Number of protein chains: 2
Amino acid sequence: MNDTRRQIVEAALGLVADRGISATSVDEIAAAAGVAKGSVFYNFGSKAGLIEEILAEGVARLTAALQEAAAGLEGRAALEAMVTALLQQIHAHPDFSKVIVAESFRTGRLWQDSIRQVREESMGTFTTVVAQAWPQRDPWLTAAAVFGATLVTGLEWLAFQPDRSLDEVAAAVLTTLA
Amino acid sequence: MNDTRRQIVEAALGLVADRGISATSVDEIAAAAGVAKGSVFYNFGSKAGLIEEILAEGVARLTAALQEAAAGLEGRAALEAMVTALLQQIHAHPDFSKVIVAESFRTGRLWQDSIRQVREESMGTFTTVVAQAWPQRDPWLTAAAVFGATLVTGLEWLAFQPDRSLDEVAAAVLTTLA
DNA sequence: GTCTATAGGTGGATAGAC
DNA sequence: GTCTATCCACCTATAGAC
């Protein structure tokens, strides 16, 4: 990805995480990126195309991180690795995380497919690991609870107590999950 | 609240939960409510005023429900009552819940005060109960984990498996929390 | 108190110079 | 490939009839 595209993507992600997709205009994105508005459309075709590309990039990265974390591990160890990996990803990519949370429970939008993909792939990986760690429980609801505990704790950490360490936050989440 | 105001509020909440606040126009709200656009502005002053009123109403209801649930109980019993009460509220008011989640990690918007209030009052009630149930743990991070597990499971329940019963979902969340 | 009509501004998107 | 200038649809909000 060239320099102009990179700058546009980063500026857009920052603004969109803070205000929401619809509340962010292409004018604002172009100004924050230091390019003309026309360059945004030349490089990404449309606002929806830009958002789609940002989301697709984040989806691929998050899915890979979660699957890699659980690979080769079983039971509780796999679960702990996944929770830690998700917290790491939230910490490394807070803007992407915020966008996903904000858009996750909506329907019928242009970029809905990418959002649904994150949800399904992340939750799917969690469900597999949870089903193996606790075979007697409902994997679907349990995975949602584990994912939710990790996600919300991670975002609260970033937004309101960023000085905490990853180990501290991971330990708190894992202690809460039995 | 009279009939016109009630209709506008309900139409607005339904649309906003699905598309987001900024992506919902006053035209659409008026059409869904079956009133003229002018009536929306006559009754609520502005779009922001309408949103503010909807959020304030929901905040008061949710806070009261959580505090009432925990009143007179201690330790694990208080925790279980609160988790169940939050799930009940999500089930009874799914649109409000979606809006809160979508807007929770944003900053600097007109209605940000109401959102922050839900977060602080809900998390505050959870923190108090958690601190008493598990005195040796970090109350702040633990409360975030418990709240997140309940919230995300509740929303996934509504959005993707609405046929499950409240008892079933509450049991799954509480089993996951040790 | 609710309606219709319209004002005034901003949104996404395009055309054409460089 | 990036810019400036512009189009037109849509947005919030207001004015005035009823």
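Which residues of chain A does UniProt list for "DNA-binding region"? The unreviewed UniProt entry gives residues 25-44 of chain A. UniProt positions follow the numbering used here, feature names are shortened, and annotations may be inferred rather than shown by experiment. Over residues 25-44 of chain A the chain is 80% helix and 0% strand, and the end C-alpha atoms lie 14 Å apart. Helices (H or I, at least four residues) and strands (E, at least two) are DSSP runs, numbered from the N terminus.

This is a predicted model, in which local features need pLDDT of at least 70 and side-chain atom pairs count only at pLDDT 80 or more, while totals for chains, interfaces and linings use all residues. Residues are numbered from 1 along each chain as its sequence is written, and chains are lettered from A and ligands numbered from 1 in the order in which they are written.

**The DNA strands**

Near DNA strand C, at least two residues each come from helix H2 (26-33), H3 and helix H4 (47-70) of chain A, and from H3 of chain B. Near DNA strand D, at least two residues each come from helix H3 (37-44) of chain A, and from H2 (26-33), H3 (37-44) and H4 (47-70) of chain B. The surface near DNA strand D has six nonpolar, seven polar and four charged residues. In these classes Ala, Val, Leu, Ile, Met, Phe, Trp, Tyr, Cys and Pro count as nonpolar, Asp, Glu, Lys and Arg as charged, and the others, Gly among them, as polar.

**The two protein chains**

Chain B is superposed on chain A by a rotation of 180° with 0.1 Å of shift along its axis (RMSD 0.1 Å). This is the relation of a two-fold axis.

Between the chains, 36 residues of chain B are in contact with 36 residues of chain A; contact requires C-beta atoms, placed from the backbone, within 7 Å. On chain B, helices H1 (3-19), H6 (94-103), H8 (139-160) and H9 (166-176) each supply at least two residues of this side. H8(B) gives the largest share, 14 residues. By class, the side of chain B that touches chain A has 19 nonpolar, nine polar and eight charged residues.

**Helix H4 of chain B**

H4(B) has 24 residues and reaches 35 Å from its first C-alpha to its last, close to the 34 Å expected at 1.5 Å a residue. The expected span is 1.5 Å times one less than the number of residues. Among its buried residues are Leu50(B), Ile54(B), Gly58(B), Leu62(B) and Leu66(B). A residue is buried if 20 or more other C-beta atoms, placed from the backbone, lie within 10 Å of its own, exposed if 12 or fewer, and partly exposed in between. The cover over the buried residues of H4(B) includes H1, H3, H5 (75-92), H6 and H7 (112-133) of chain B. After H4(B) comes Gly72(B), with a positive phi near 80°.

Note on methods: Contact = placed C-beta atoms within 7 Å. Least-squares fit on C-alpha atoms with pLDDT ≥ 70 in both.
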